Amino acid sequence: MKKILVTDGMDKGALASLRSAGFEVVEQFYAPEELGAALREVDCVVVRSATKVRQNHIDEALTTGRLKLIIRGGVGVDNIDVAYAETHGIAVRNTPNASSHSVAELAVAHMFSCARFISVAGATMREGKWEKKAYGKGIELRGKTLGIVGYGRIGACLGDIAQALGMKVLAYRRHPQPELESPTLRFTTLDELLASSDFVSLHTPAIPGKPLMDRENIAKMKDGAVLINTSRGANVDEEALLEALNTGKLRAAGLDVWAQEPTKNEALYNHPRVSCTPHIGAATAEAQARVGSEVVGIIRDFFA
């Protein structure tokens with residue numbers, strides 16, 4: 001019987017499906033210093049974003065040679081040393097389709113929040129205040145330009161929603177797809193996107209080295225624009241973002257991901273111009289069910 005370790009939780013229906021298919025399933029989170037030993041005793045490990053599978057863990061797993069498959073329940077695999085695992089005969093898979101709509105919808109939610117002061121206005125009401133005048137200068141999304149950095153599955157979902165809301169979309173990706181262009185969608189350079197967009201939403205993996213949105217690129221953004229990040233916290237220089245918010249360079253920011261998680265950047269998450277959530281982009285019932293279904297399919301196919 002193949003043994004599956006699920007470290008960061010999974011949809012209950014998916015767990016039941018695995019067990020009914022004859023797999024032994026163990027649900028257990030392990031601290032980094034304990035994970036390697038646990039991987040010696042399993043055939044497959046399923047992780048989300050909390051568990052990081054690094055070279056030292058893989059080395060421990062190799063002492064028994066039992067581990068054959070690592071699955072990331074989600075899109076990004078930057079929490080797994082993929083090349084090292086695959087070089088040593090351990091396959092790595094992810095579930096790229098499952099959470100696209102959920103993340104895109106959260107990006108839109110942050111856009112609305114930043115446009116209409118929803119987060120801070122609600123917080124002040126819970127303090128017994130009625131700040132109608134202070135938050136009475138909202139803006140509409142309709143007619144605005146949204147720049148999407150990383151036009152993959154999630155970016156494309158967001159682009160569809162934005163166009164349905166009456167926005168124009170500028171898209172940037174390494175390999176443009178001109179065949180997708182329309183009167184409301186155009187591929188462009190990163191510099192043009194930053195200079196021309198009222199809202200900029202990030203949907204790229206973490207880039208090694210400096211953050212994608214460093215001080216230089218934030219300075220290239222249109223004055224009064226809004227930055228949305230539901231991708232990876234490492235993509236934004238938080239100090240530079242805070243500076244841009246304080247000087248008025250940027251109108252607001254919507255952040256679901258942070259340089260350090262849980263974040264300790266009080267100045268940023270308490271900022272009145274920041275709409276914030278604790279990395280919940282894929283945290284919908286529908287997305288979790290899709291992730292679970294994809295994971296089950298991967299496991300069954302791999303060990304068939």
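Which residues in α5 meet which residues in α7?

## About the model

This is a predicted model, where local features need pLDDT of at least 70, side-chain atom pairs count only at pLDDT 80 or more, and totals for chains, interfaces and linings use all residues. Residues are numbered from 1 along each chain as its sequence is written, and side-chain values use heavy atoms, leaving out hydrogens and water.

## Helices α5 and α7

Helix α5 covers residues 100–116 and helix α7 residues 153–164; helices here are DSSP runs (H or I, at least four residues), numbered from the N terminus. Their axes lie 8 Å apart and the pair packs at an angle of about 50°. That makes α5 oblique to α7 (angles under 35 degrees count as roughly parallel, over 145 as roughly antiparallel, 65 to 115 as roughly perpendicular and the rest as oblique).

Now for the opening question: Ser100, His101, Val103, Ala104, Glu105, Ala107, Val108 and Met111 in α5 meet Arg153, Ile154, Cys157, Leu158 and Ile161 in α7, where contact means heavy atoms within 4.5 Å. The residues of this contact divide into nine nonpolar, two polar and two charged.

## Helices α1 and α12

The axes of helix α1 (residues 12–20) and helix α12 (residues 285–302) cross at roughly 20° and come within 8 Å. That makes α1 roughly parallel to α12.

On the α1 side, Ala14, Ser17 and Leu18 take part, meeting Gly292, Ser293, Val296 and Ile299 in α12. The contact of α1 with α12 has four nonpolar residues, three polar and no charged.

Notes
Axes fitted to C-alpha atoms, helices over the stretch in contact; angles between N-to-C directions. Helix = DSSP H or I, 4+ residues; strand = E, 2+ residues; numbered from the N terminus. Nonpolar A, V, L, I, M, F, W, Y, C, P; charged D, E, K, R; others polar.
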